[in-house]
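Please keep the sequence and the model at hand while reading.

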Amino acid sequence: MQFSCNGEQVEVDAAPGESLLSVLRERLAVVSPKDGCAPQGQCGCCTVLVDGEPRVACVTPATRVAGRSVVTVEGLDPVTRDDLAARFVATGGSQCGFCTPGILVRLVAAESKGKTRRVDLDRALAAHLCRCTGWQSVYDVVGATSTVLARDERAAARRAELEGGASQVVGPRVPLGDGGFADDGAPRDALVAVPLPPGSTADAIEAAGGSWVVAESLLEARALAAKVQGRRTTVDPESPLAAPAAAAGGVRLTTSWVEPAYLEPDASWCEPGGDPATPLANGGAFGGKLASPVGAAARELADRTGRAVRVVYAREDVVRLGPKRPPIAATAVFDGTTVHTRGTVVGDAAPFVAPIAWPYSLEERGEWTSATALGPPTASTLRAVGLAERAVLLEGALHVAGADRTVLVCDDRVAAVMLDACVVAESGAVAGARVVCDDAGRIERVVVRVAAGDPLDAVVLRSYSIGAAHMALGWVLTEGLAVDPDTGEVHDLTIRSFGILRAKDTPPIDVELVDDPGEPLARASDAVFAAVAAATWNAVSDADGERPETFPARETRAARALRR
């Protein structure tokens, strides 16, 4: 088949049923369209223009573009493209940059037709997911100008690394998809290894603690493995832990498994005897890839085959194999001087008993135990695990007890950021949050204050704070995985089934960076995540007149409004 790709005529032998995304990435080495969920067609990362109209390439059969024009970010008008990329950088609308090329392509199409009203943007972004930015900074791109005060990109990258826990580039190339993702740089003639799905009888090689199907191409490897197709269920997520006995005068909470939902699936590649490409790429995946086996597998398979090997997860592999936020079942009571917490966590309980610098002059006495449960793996390395759960319980207990938090404030730094909930990260960064609901119980606005020492770059710190607030809202109200209690099998394998808040449903998030002289402090966004989660739980409890005792609290008025 023949078609125009970025203005040049190309001819390829597409396999039966092969997608446009596969042709672009695997045959033409055009890697700006990203594979975030193929072939689910739900994340928008692979969006390209076909005869000027946005199309999701992973569900577009390659045969449908025969004789037509396909344009990726490389083929856009350079002036338009570069101006829009600069605007993404100026607003913080791009962090890791994995989802941004697809969003940028769609915004170019929208702006070319004058569709820049809020309702137009809501419709345009409905086809996309972004886990990093919380959407507000993406909306800010439209109408922004790329003429901004000069920024120190090294300082911006340092702040991004302090927040994400991994090396990150900040600059105009990132929104265009050139952030250094592992699979983008892999040789296209390398062998490809994919995980062996459950029930598959394909020949597999044991390496790095897993079973891998190895073939000459990604298309062939996934076909041989009989790749599991994504699906979702109508069953609501539930905690595998029994609800604890109610605490008199206190609060109780159970949570389910939660998918970290980083957009770039785990990937690596390696030459024989070489060092494998890091799966962390241009960001830390919220701690979800720290134990990923793909790098070790790439090295071992390359050494055994004598050829370069790419190791690539599909979205379904990420959900089945990747770590989740651990479920908990806990209670908390404030007796006037001490918060007494008792809880059980699936997996590692260490983060739940580790010392924490609380923002209030009170004592916390916690009794936490570990538990096992049938289901996906959990990890204590995910964003604010332990910190957020304890902050939610502490703030809930203070709220129910009617405690005057202004009297409990421990120092001036905390007083400067305190709103309706306040959290101190391990580094000493402090965040306060307020969640405002209207008379109908809908969330109108989220207000955040942050003190993180030298911000280094206000745009990056603001973007990370908004993203953390967006994730916190989802954790409390909408996000969870349905897991079969008898087998531990995850039923929600599509990226849209995780419950991530859509762009149009995300309330305005106001972030104020408080003057805080001193060295830059890491993980301020962890404190934001925890503070917004605590403030959300208290706010929706007040709005409904009854405290929800499970996350996600999908039956609250606030959550129902988000699902309309």
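## A buried threonine

Threonine 494 has a relative accessibility of 5% and therefore counts as buried, the cut-off for that class being under 20% relative accessible area. The coordinates belong to a predicted model, and the values below are to be read with that in mind.

Threonine 494 is placed in the loop between α14 (458–477) and β18 (509–513). When residues up to four places away in sequence are left aside, threonine 494 touches Gln40, Gln42, Gly230, Arg231 and Arg232.

## Overall form of the chain

The protein chain contains 16 helices and 19 strands. Its radius of gyration is 23 Å, which is close to the 24 Å that the globule rule gives for 564 residues, so the chain is as compact as a globular protein of that length. Along the principal axes, the C-alpha trace of the protein chain spans about 75 × 55 × 45 Å.

Of the 564 residues in the protein chain, 60% are buried, and the accessible surface of the chain comes to about 21,300 Å², with 50% of that surface belonging to carbon and sulfur atoms. Among contacts between residues at least 6 apart in sequence, 74% join residues that are at least 24 apart.

## Packing around helix α4

Helix α4 covers residues 118–125, and its buried residues are Asp120, Leu121, Asp122, Ala124 and Leu125. These buried residues of α4 pack against α3 and against α5 (136–141).

## Charges and salt bridges

Side chains of opposite charge can pair when their charged atoms come close. A search of the whole structure finds 42 salt bridges.

One of these salt bridges is formed by glutamate 111 and arginine 87, whose closest N and O atoms are 2.5 Å apart. Because glutamate 111 lies in helix α3 (residues 100–112) and arginine 87 in helix α2 (residues 78–91), the pair ties together parts that are 24 residues apart in sequence. Glutamate 111 is partly exposed, with a relative accessible area of 27%, whereas arginine 87, at 7% relative accessibility, counts as buried.

Which side chain does arginine 252 meet in a salt bridge? The partner is glutamate 549, with an N to O distance of 2.9 Å. Arginine 252 lies in strand β9 (residues 251–255) and glutamate 549 in the loop between α15 (524–544) and β19 (550–551), so this pair ties together parts of the chain that are 297 residues apart in sequence. Arginine 252 counts as partly exposed at 23% relative accessibility, and glutamate 549 is also partly exposed, with a relative accessible area of 35%.

A further salt bridge joins the side chains of arginine 557 and aspartate 544, at 3.4 Å from N to O. Here the pair links distant parts of the chain, with arginine 557 in helix α16 (residues 557–562) and aspartate 544 in helix α15, 13 residues apart. Arginine 557 counts as partly exposed at 28% relative accessibility, and aspartate 544 likewise counts as partly exposed at 28%. Elsewhere, salt bridges that share partners join Arg25, Glu26, Lys34, Asp183, Asp184, Arg188 and Arg310 into one network.

How values were computed
Residues numbered from 1 in each chain as written. Predicted model: local features only at pLDDT ≥ 70, side-chain atom pairs only at ≥ 80, totals over all residues. Heavy atoms only, no water. Helix = DSSP H or I, 4+ residues; strand = E, 2+ residues; numbered from the N terminus. Rg over C-alpha atoms; globule rule 2.2 N^0.38 Å. Buried < 20%, exposed > 50% of the residue type's maximum accessible area, 1.4 Å probe, protein only. Contact = heavy atoms within 4.5 Å. Areas by Shrake-Rupley, 256 points an atom, 1.4 Å probe, with all protein chains shown as cover. Salt bridge = Lys/Arg side-chain N within 4 Å of Asp/Glu carboxyl O.
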